[in-house]
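Here are my notes for the discussion of this structure. Please read them with the coordinates open.

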Amino acid sequence: MQTVRDYAALSAQISRQFRPGVLANRTLGAEELRQEIARGTLLAHAWEGGLFLLRRRPTHFILHYYLTDLSAQPGQALPPDTVVELPLHPRRPDKAADYFASLGFSGILRRVRLARPVLGVPEEEAHGTDVSPEPLLQLLHAQFDARTGCLPLPDELVDDLSAGRVLTHGTDALLRFSFDRTAEIRQLAVSPALRGQGLARSLVARFNRITADRRALVWTGAENQAALHVYQAEGFAPDGWQSLVMTNQQENHG
Amino acid sequence: MEKLIQILTECCPGIDFANETALIDDGLIESLDIVTIVSELMDAFGVDITVDDLTPENFNSAESMWDMIQRLK
């Protein structure tokens with residue numbers, strides 16, 4: 001694996017993967033790639049059968065793949081503690097799960113996506129907050145598996161707090177979201193002591209008031225009945241997309 | 001343009017590519033579909049599409065995809 005330093009060379013490498021029949025998971029956009037390169041956290045490995053991009057995180061690597069020939073072996077093992085999320089949709093039968101199983105990966109989580117339509121005119125504006133990021137990061141790390149939770153790096157959380165993309169109830173509950181042409185709930189967390197009081201639902205309702213003028217999405221664990229109930233009560237419904245998160249991490253790594 | 005609509009329909013059946021103008025914004029196609037679409041367009045039209053071209057603006061309608069192809073030719 002090579003640390004990527006040159007965006008132009010990487011862009012050309014990615015373009016070479018755009019061949020009929022290519023299998024891929026979520027594509028990193030130009031801006032995301034540039035940020036990862038600037039941080040020094042992007043690694044790449046290209047071979048005749050595809051391209052792996054790895055985003056380095058404190059406890060694991062996140063894999064983005066382009067597979068053009070499943071019979072060609074990568075020739076280099078992926079680092080331990082690599083996590084990959086495979087998209088699953090009825091219109092896209094994906095053979096990548098078998099491929100990653102052959103590389104020693106196994107499934108650890110199935111996610112389902114829910115969508116909410118445009119509601120109308122926003123009833124509330126997003127405002128930045130000066131809440132300290134540390135307790136919120138602690139809350140996120142206590143509530144989510146770092147491998148599958150898509151948790152923000154500290155500087156990303158600081159940016160989101162100042163941009164109004166984190167809704168909070170003190171430091172006991174938060175909803176973090178992205179806000180572009182569509183809005184997407186990234187994490188929703190309530191500390192265990194305050195569960196059962198409707199905090200999660202009130203944060204989602206507030207998110208809906210802020211993002212009413214655009215479509216909204218959320219990915220959540222397919223077995224997470226509490227979260228599914230909250231989202232469906234606030235107007236979200238499954239839209240057919242699911243994903244399978246796989247890892248090559250050994251169980252005893254925690 | 002007819003060839004483009006045919007390719008898009010084969011990639012993502014059931015979508016009215018001739019008339020939809022908010023394919024991305026309305027969630028009719030996804031970034032995952034875009035990789036499939038781009039791969040077919042590069043093969044069919046002989047253009048080089050890069051990561052920088054993968055913007056919602058370029059893929060929100062068949063017409064905007066057609067304009068992108070013309071620019072890249």
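**Notes on the model**

1. Surface of chain B. The accessible surface of chain B comes to about 3400 Å², and carbon and sulfur atoms hold 46% of that. Areas come from the Shrake-Rupley method with a 1.4 Å probe; for residues, only the protein chains shown count as cover.

2. Ground rules. This is a predicted model: local features need pLDDT of at least 70, side-chain atom pairs count only at pLDDT 80 or more, and totals for chains, interfaces and linings use all residues. Residues are numbered from 1 along each chain as its sequence is written, chains are lettered from A and ligands numbered from 1 in the order in which they are written, and side-chain values use heavy atoms, with hydrogens and water left out.

3. Fold of chain B. Chain B has 4 helices and 0 strands. Its pattern along the sequence is α-α-α-α. Helices (H or I, at least four residues) and strands (E, at least two) are DSSP runs, numbered from the N terminus.

4. Dimensions of chain B. The radius of gyration of chain B is 11 Å, which agrees with the value near 11 Å for a compact globule of 73 residues. That radius is taken over C-alpha atoms, and the globule rule is 2.2 Å times the number of residues to the power 0.38. Along the principal axes, the C-alpha atoms of chain B fill a box of roughly 25 × 25 × 20 Å.

5. Packing of chain B. Of its 73 residues, 51% count as buried. Buried means under 20% relative accessible area, exposed over 50%, partly exposed in between (1.4 Å probe, protein chains only). Take the contacts in chain B between residues at least 6 apart in sequence: 56% join residues at least 24 apart. Contact means heavy atoms within 4.5 Å.

6. Nonpolar cores. A core here is a set of buried Ala, Val, Leu, Ile, Met, Phe, Trp, Tyr and Cys residues joined through side-chain atoms within 4.5 Å. The largest has 42 residues; Ile14(A), Leu33(A), Leu53(A), Ile29(B), Ile37(B) and Phe59(B) touch the most other members. Elements giving two or more residues to this core are α1 (7-15), α2 (30-39), β3 (42-47) and β4 (50-56) of chain A, plus α1 (2-11), α2 (31-45) and α4 (62-72) of chain B. α2(B) gives the most, with 7 residues. Another core, of 23 residues, lies apart from this one and includes Phe177(A), Leu188(A), Leu203(A) and Val218(A).

7. Aromatic pairs. Rings of Phe, Tyr and Trp (its six-membered ring) pair if their centres lie within 6.5 Å; planes under 30 degrees apart count as stacked, over 60 as edge-to-face and the rest as tilted. The count comes to 11 pairs over all chains. Trp47(A) and Phe52(A) are tilted, because their planes stand at 55°, with centres 4.7 Å apart. Phe100(A) and Phe105(A) are edge-to-face, because their planes stand at 65°, with centres 5.5 Å apart. Phe100(A) is buried at 0% relative accessible area, and Phe105(A) is buried at 5%. Ring pairs link Trp47(A), Phe52(A), Tyr65(A), Tyr99(A), Phe100(A) and Phe105(A) into a cluster.

8. Charges over rings. The rule requires NZ of Lys or CZ of Arg within 6 Å of the ring centre and within 35 degrees of the ring normal. The charged end of Arg34(A) sits over the ring of Tyr7(A), 4.0 Å from its centre. Lys3(B) has its charged end over the ring of Phe45(B), 4.8 Å from the centre.
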